[in-house]
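Here are a few friendly notes to read alongside the model. Please keep the viewer open as you go.

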Amino acid sequence: MCQHQTPCPSAESADRESACLVAHHPEQGWSLLCNGVVLFEDTGELLPDGRIIAPHRPLASSQVMTAA
């Protein structure tokens with residue numbers, strides 16, 4: 001899908017979220033990348049083949065627990 005001269009990461013790559021932005025709809029909570037991945041504001045993803053990547057937000061610093 002990507003037509004950039006240095007191709008963006010594919011939808012199967014671990015770094016797929018670094019692909020170029022094609023459409024951004026913050027009022028609806030989603031963005032489309034040039035590799036066909038739809039990113040949602042909750043950090044979930046929808047891949048072009050229909051697979052779903054569950055939200056993966058990092059814990060807020062106030063929620064991080066440390067071992068004693």
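1. Ground rules. This is a predicted model, in which local features need pLDDT of at least 70 and side-chain atom pairs count only at pLDDT 80 or more, while totals for chains, interfaces and linings use all residues. Residues are numbered from 1 along each chain as its sequence is written, and side-chain values use heavy atoms, leaving out hydrogens and water.

2. Fold. The chain has 0 helices and 5 strands (DSSP runs: H or I of at least four residues, E of at least two, numbered from the N terminus). Along the sequence the pattern reads β-β-β-β-β.

3. Of the 68 residues, 26% are buried (under 20% relative accessible area, with exposed over 50% and partly exposed in between; 1.4 Å probe, protein chains only). Beyond its neighbours within four places in sequence, Ala11 is in contact (heavy atoms within 4.5 Å) with Arg16, Asn35, Val37, Leu47 and Pro48.

4. Charged pairs. The whole structure holds 2 salt bridges (a side-chain nitrogen of Lys or Arg within 4 Å of a carboxyl oxygen of Asp or Glu). Glu45 pairs with Arg16, with closest N and O atoms 2.7 Å apart. That pair links distant parts of the chain, 29 residues apart: Glu45 lies in strand β4 and Arg16 in the segment before β1. Glu45 is buried at 2% relative accessible area, and Arg16 is buried at 14%.

5. The other bridge. Arg51 pairs with Asp49 at 2.8 Å between the closest N and O atoms; Arg51 is partly exposed, at 41%.
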